[in-house]
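Welcome! Please have a look at the sequence and the model below before reading on.

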Amino acid sequence: MPATCCADCGNKVVAKAAPSYRHQVFELPKPSLDITEYQLFHGRCQGCGATSKGSLPDTAPQGQMGPRLLSHIAILAGQYHLSVRKIQRLLKDQFDTHFSTGTISEAQGRVSAMLTPTAQALHQHVRNASMVNVDETTHQRNDEQRTRWLWLMTSPDAVYQNIHYSRSQEIAKKVIGTAFTGVVVSDQCASYHWLAPDRHQFCWAHIQRNLQKMSDYSGQGLTAELGRKLVLLCHMVFRTQHKLEAHTLDKPRWLRRMQRLRRRFCIG
């Protein structure tokens, strides 16, 4: 930093190595599109008359959009649930460039095709796990009237998501796979009733919520009394599991305690 002069006496002021104050201002760059134009020529040989035509380089995209613009459109549609027309207007407002709705829809299809092999490999990877968690929730997009369902299937190291028009058993079998041999953890939705009891574990968070409803029953009586006892047992299950995960309880003792709690649940 150049030396300055003191405003009072005029002598040179030597600045310290470290600043005494820092002020940062964040600003977006002016949005713009990089447009690359490829011009191809053709001609005829003056000797033999053969026609020669130019060709695009291997690095040139086949469509109007480059990979970064394709990714941007895919995120606007998939992550932020914008319709094709909203994406069209946003690109016009941001970059003052017009793309037809057909071009934008085609871009989404191209990205989907590119990601299909990766999605299929991820789906198979999750299916190979010994235990998976599965859930489904409503999913609205593109101002559609018909409800879609976002299905989620997770393993200890990966997450697979897919969108379907139903939450039926047929879709559950498609997502999980009828050949799946591990344990499925889910809520009590009827979509999973086709699973064998020894391969199906109800989610304890859902169980606790339902038992809490029993405990809070306005009519009180036996329903509320049983609910309070079962909620207490549920809390004991969670505490026992947390002790195992914190390594304050070994596996044999954890198993014995869980077996006792299971018997108490069955007794009621």
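## About the model

This is a predicted model, in which local features need pLDDT of at least 70 and side-chain atom pairs count only at pLDDT 80 or more, while totals for chains, interfaces and linings use all residues. Residues are numbered from 1 along each chain as its sequence is written, and side-chain values use heavy atoms, with hydrogens and water left out.

## Salt bridges

Let us start with the charged pairs. A salt bridge here is a side-chain nitrogen of Lys or Arg within 4 Å of a carboxyl oxygen of Asp or Glu, and by this rule there are three salt bridges. For accessibility, buried means under 20% relative accessible area, exposed over 50%, and partly exposed in between (1.4 Å probe, protein chains only). Helices (H or I, at least four residues) and strands (E, at least two) are DSSP runs, numbered from the N terminus.

Glu136 pairs with Arg167, and their closest N and O atoms are 2.6 Å apart. This pair links distant parts of the chain, 31 residues apart: Glu136 sits in strand β5 (residues 131–139), and Arg167 in the loop between β7 (158–164) and α4 (169–176). Glu136 counts as buried at 6% relative accessibility, whereas Arg167 is partly exposed at 32%. In another salt bridge, Lys229 and Glu225 have their closest N and O atoms 3.6 Å apart. Both lie in helix α6 (residues 221–245), four residues apart, or about one turn of the helix. Lys229 is partly exposed at 46%, and Glu225 is partly exposed at 36%. Lys92 and Asp96 also form a salt bridge, at 3.3 Å from N to O; Lys92 is partly exposed, with a relative accessible area of 39%.

Two packed helices are described by the angle between their axes and the distance between the axes. Axes here are lines fitted to C-alpha atoms, for helices over the stretch in contact, and angles run from 0 to 180 degrees between N-to-C directions. Angles under 35 degrees count as roughly parallel, over 145 as roughly antiparallel, 65 to 115 as roughly perpendicular and the rest as oblique.

How do α5 and α6 run relative to each other, roughly parallel or roughly antiparallel? The axes of α5 (residues 204–215) and α6 come within 7 Å and cross at roughly 150°, so the two helices are roughly antiparallel. Contact means heavy atoms within 4.5 Å. On the α5 side, the contacting residues include Trp204, Leu211 and Met214, and on the α6 side they include Leu226, Leu230, Val231 and Phe238. The residues of this contact divide into eleven nonpolar, six polar and one charged. In this grouping, Ala, Val, Leu, Ile, Met, Phe, Trp, Tyr, Cys and Pro count as nonpolar, Asp, Glu, Lys and Arg as charged, and the others, Gly among them, as polar.

## Helix α1 against helix α3

The axes of α1 (residues 67–78) and α3 (residues 101–127) come within 9 Å and cross at roughly 95°. These two helices are therefore roughly perpendicular to each other. Leu70, Ile73, Ala74 and Ala77 of α1 meet Ile104, Ala107, Gln108, Arg110, Val111 and Met114 of α3. Eight of the residues in this contact are nonpolar, one is polar and one is charged.

## Two buried residues

Ile87 belongs to helix α2 (residues 84–95) and is buried, with a relative accessible area of 0%. Apart from neighbours within four places in sequence, Ile87 is in contact with Ile73, Leu76, Ala77, Leu82, Ile104 and Gln108.

His164 is found in strand β7 and is buried at 10%. Leaving aside neighbours within four places in sequence, His164 is in contact with Arg148, Trp149, Trp151, Ile171, Lys174 and Val175.

## Positive phi angles

Most residues other than glycine have a negative phi. Asp96 has a phi near 55°, a positive value in a residue other than glycine. Asp96 lies in the loop between α2 and α3 and is exposed at 60% relative accessibility. For His247, phi is near 65°, again positive in a residue other than glycine. His247 lies in the loop between α6 and α7 (251–267) and counts as exposed at 73%.
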